[in-house]
Amino acid sequence: MDPRRWPVYRQLTGGDRLGRGAAARSERTEDLRPRTATADRVVKSVCPYCAVGCAQNVYVKDGRVVQVEGNPDSPVSRGRLCPKGSATLQLTTGPSREHRVLYRRPHAAHWEELDLETAMDMVADRVLATREATWQEEADGNRVRRTLGIASLGGATLDNEENYLIKKLFTALGVVQVENQARLCHSSTVSGLGTSFGRGGATMFLQDLQHSDCIVIQGSNFAEAHPVGFQWVMEAKARGATVIHVDPRFTRTSALADLHVPIRAGSDIAFLGGIINHVLQNDAYFHDYVANYTNASTIVCEEFQDTEDLDGVFSGLNRERHYYDPRSWRYEGMGTVSPASGARDAEYEERMHRISDSGHSESHGAGGPALGPGTPETDPTMRHPRCVLQILKRHYSRYTPEMVQRTCGITPELFARVCDALVRNSGPDRTSAFAYAVGWTQHTVGSQYIRTASILQLLLGNIGRPGGGIQALRGHASIQGSSDIPTLFDLLPGYIPMPHAHAHETLDSFVVADSAQKGYWGNMRAYVVSLLKAWWGDAARPDNDFCFGHLPRLTGDHSTYTTVLAQMRGECKGYFLLGENPAVGSANTRLQRLGMANLDWLVVRDFSLIESATWWKDGPEIETGELNTRDIATEVFFFPAASHTEKNGSFTNTNRWLQWHDEAVEPAGDARSDLWFMYHLGRIIRERLAGSTAARDRPVLDLTWDYPVEGPLDEPSAEAVLAEINGYGPDGAHLATSSQLRDDGTTSCGCWIYCGVYKDGVNQAARRKPGSEQIWTAPEWAWAWPENRRVLYNRASAAPDGTPWSDRKALIWWDGETGRWTGHDVPDFKLDMPPSYRPDPGATGPMGLSGTDPFILQADGKGWLFAPTGLVDGPMPTHYEPQDSPFDNPVYGQRRNPVRQLFPNPYNRYHPSGSDPGSDVFPYLITTYRLTEHFTAGGMSRWSPYLSELQPEAFCEVSPELADARGLEHGGWATLVTARNAIEVRVMVTRRVRPLRLNGQVVHQIGLPYHWGPNGYSTGDSANELASVALDPNVHIQEVKAFSADIRPGRRPRGAALRTLVEEYQERAGITATTGTEV
Amino acid sequence: MGLLSGPETNVAADAGHVDPPPRMGFFTDTSVCIGCKACEVACKEWNAIPEDGLAFTGWSYDNTQELGSDSWRHVAFIEQPVPDGDGDGRDGVRWLMASDVCKHCTHAACLDVCPTGSLFRTEYGTVVVQEDICNGCGYCVPACPYGVIERREEDGRAWKCTMCYDRLGDGLEPACAKACPTDSIQFGPLEELRTRAASRVAQLHVAGVSDARLYGHDPADGVGGDGAFFLLLDTPETYGLPPDPVVTTRDLPAMWRYAGIAALTLFGGITAVSMFGRRR
């Protein structure tokens, strides 16, 4: 070695005589280069965790991913990542990932390895055998052409293209029980926002929050669950905005807010209803906005009776059968909407009931409910006693500050501060935003929670304007995408409802029943026909109704919880879990496992051996002795999944942006993408069925399934799938916009709201012009549905005459010279329709609305303060208690949502509530939630050492007062008990949880993160063991944000004693099969 | 200008770096920290630091507990009762969060005491352990006035934040600062950061946040100012930071002086004794 490189030489000859700097540099230090600089390639990707959709740079060296970090070009994330995003390298390259196919034989105690090809053949065999054995050609005399013997769950963590193939293949096979996390997380968002505004997506986008003057975060722990999105709240705060956090707990979000409002879990409708009352009583609503852009002036029919008249229920309630006939909620002057072209027969009510059961409310994700024939009567003065504004005033008049205090535990002083902040920061010159997440959606009245916020924001004139809106915060990378291209039982792509056996025999009856007369949903037939052409190609012809008969039919609720009960009954025999872990993530997880234990076969595709894959050998029921591995006949296949760095595809983020991620490396071992899995499964099945003449096989054989494959693994081209989703014109050219779609079979389109994403043959989702080089709406970053519009309903950002409400809040405006709408965003309006346009009386479709109707997917073009149709549990939100509540309803005699969906079952017992005897056995209120450091049911975080060490154990958060009352020790153990199960967690005593005083009672709330399960690196009991299955009847979402329970010090019993403890509690509370099931 | 204490304007040049770039540093503005711990994970991912234990501490959301060989960023969580006047008679709560890190002192005792030259001052003015040189003697560990540097059980060597020295060389910012979702961790030329921090404090004072203060920004403090300094919302002690850190080698010259005098005295005495002895 050259002596001149010796430190001593350098020390003596250089400027560093003390040898503390330059002279001390070692050889390694001299050669140091960051691995980002020595990488062979940088691949553009998107974070696979939540739905903020942070951009990632994936660095590849010698065929291996060596670093993953934020891509500063992204306008939403600006290069930043939260701890989970920062742990992506460990997630994708860590040792916890499985790379071999595993197989568990019936009754076996261990896994064995299986080669991939054999495993694929075996799964194809089972699908075909189960399908044949359980095939239903008819149900109740109606043609259904389906199987209820197979179900799938998962999709929100997968790419849009993967969801598309899952839905397409399963639907062709006649499998209707296709579901994903969106059911459990945000299905009520779709129904709530959809019925209010016409679309089920967030009305704004995250960067737009920086323009808000007031942000109310409620039902969301924004800073913890969406940390990188929260930077835009901080930007707003830095610009002087008021940030308010309404939440049962003081969280990391509250810590950064100007005001924290502690609220009793499950009482948000009362709180928001109180603000609505404040706004109406004080004449604080935005008059011009409300008068022109909402249905405030529309008159409701005479038969309507409000909760004010009927002590908490609306007219039309069928108490025996727990459903509403919504006909008395209709507008004056309108016929009723009926499922069969206005026909009224004896079975009408029955049909309505069954169809509403089938999740129909969720079909308003891209088009508001149909109104039927006629023209609604209005009173422009808004003084008519039956006009919506007056009805609304009366409905919310009892939601006084005192009522808010009695119901929510919020003092009138604190409540007034929220009202003042919102009113002060709304109007022509100012805007306020609401941000929420599953703290609102997961209730038996989840859809109505969202509706309440929608009504309030319409009254304040905050929809469609910069810095205004409702920001639904979704929590999986593509959970918006798995709703848009739905792996959901009740939907077809683009929120087209799945056809119903009782009503939708033909394409015509289907379209007539659902399409709106006016607005863009009036083009529904073109969307449906184009979808059928995309799926069945040349086989879809005008003379065969474009293969409309190939679609299997619904007969009611086939959502995931109903499917689990069908598994327990032995009706559903085969189950696919595609990146979802219901043994931890779904309510009443014991029910989930007992359902799986009764299956013939189970396919699990995931990164690691999650709880849903191994319950048969080490699940909680093995420990209690309820199940014995030897007795369990379920065959289990585990397929290792490819990570997002190992495949091409698009995620749709919480702001409806489709963002493409590129494959960085090939997946190792047997790991494969779900695109690969579905494509090759379909290929094998089609090969098996080739030549079949059975009618049920026609949809499978007619399917367009000829995607090009590429690479050494025969990976289907994700871009080819995206192009199919985008659609083709008569000339075979890629379509540019959904307005090109035709109902004559000359166009094809796999998802009409995504039409345009492959415009000009260019993958628009892969556009990555740096945010710093664009205006703040960043139109050239990725692609947003619809038509690349970033703020929905942005016509409302201008006054009726087309000029902005104020300079400060200008977004789009009418340019009289060019005769077009223009501005900072793509107008969400017919580009050349002037503000002065008024439709002819007979006009239909888009031209049926006027130049002042911003809600172009609503049948009347208006934001709905009152929903005359579309929801099954009422036209206006009303406070009801949670299913299991320590309280009577302080607002009405009616305690709970009278039409909530229950599953009375020995494994799913409910609690006595309020003043009922036995209610005091479960005196506390649990609310479940996420932590920053973990992800959903843990499959992508509890196996990561870096994330696990940050929050290593399951815990609960209790106030010092509750700890004193129950003898709970900080850092010690507590056992939580409900009528379903008991779990143990560590105790965190913290002043951040506070007892609330309401209605003369003190309520203690218990915070319970839900991430844990017995497998992985960080383990613990699952919070969802405690929850019951009690659902919002609109969309079948479970109530896990508020339910009663007991807590006691110490660890839970082991073995059979665990069930004994739960049974003791049931007995003590006097619980029977009917407890909690009253109307 | 002292080598071991007092103000120091150009640490890099003083350590023999010719025409060094501006001194780089961290300004951690805890008033916008959301306690997400992205900094901890991004640091561990970039530097391949081992996971170090699944301990549920009960210290609010802090399960990392302290900086050490395997935690180069540490987010502290402090829950405090505060009057909130919402009318229900119970105090409210304030939740402070702050991401701590090696201070990259102007006078870094760890470096001063390192006998091998493993710890060195980089051209950016930061203090970095060279893992190929460190022999695990551990002198640096008690020398640090903040308790930052620590030996790793598994390999015996000392480890701490390098301010991502490798990344800096390529014009990148450190992993923690890059990930930070709310820009609580800011990286840049130290002088710029100090100016920015001063105006941020002033802004918070105007906004009524009278508790806002800077920590480690002052070149006249006991370590000559930190290369990584903080905006705090309470006293340093609240966050587990020493209120008045002093470079532990500050008194080394004096100590050497005293030791020298003592040695001379002793030598003189011995000489005298031996001389007297010879006389006898």
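Residues are numbered from 1 along each chain as its sequence is written, and chains are lettered from A in the order in which they are written. What you have open is a predicted model, where local features need pLDDT of at least 70, side-chain atom pairs count only at pLDDT 80 or more, and totals for chains, interfaces and linings use all residues.

Now show strand S14 (residues 432–436) of chain A, which pairs with S15(A) in the parallel sense over four bridges. Strands here are DSSP runs of E, at least two residues, and helices are runs of H or I, at least four, numbered from the N terminus; two strands pair if DSSP finds at least two bridges between them.

Widen the view to the open, parallel sheet of five strands, ordered S11-S10-S9-S14-S15 in chain A. Strands S11 (259–262) and S15 (469–472) of chain A sit at the edges with a single partner strand each, so one side of each has no neighbour in the sheet.

Next, jump to Arg145(A), in strand S7 (residues 142–153) of chain A. Its phi is positive, about 45 degrees, although Arg145(A) is not a glycine. Is Arg145(A) buried or exposed? Arg145(A) counts as buried, because it has 21 C-beta neighbours inside 10 Å. (The cut-offs, using C-beta atoms placed from the backbone: buried at 20 or more others within 10 Å, exposed at 12 or fewer, partly exposed in between.)

Then pick Asp760(A), in the loop between helix H31 (718–726) and S25 of chain A. Asp760(A) counts as exposed, with 9 C-beta neighbours inside 10 Å.

Last stop: Trp785(A) and Pro786(A), joined by a cis peptide bond with omega about -5 degrees.
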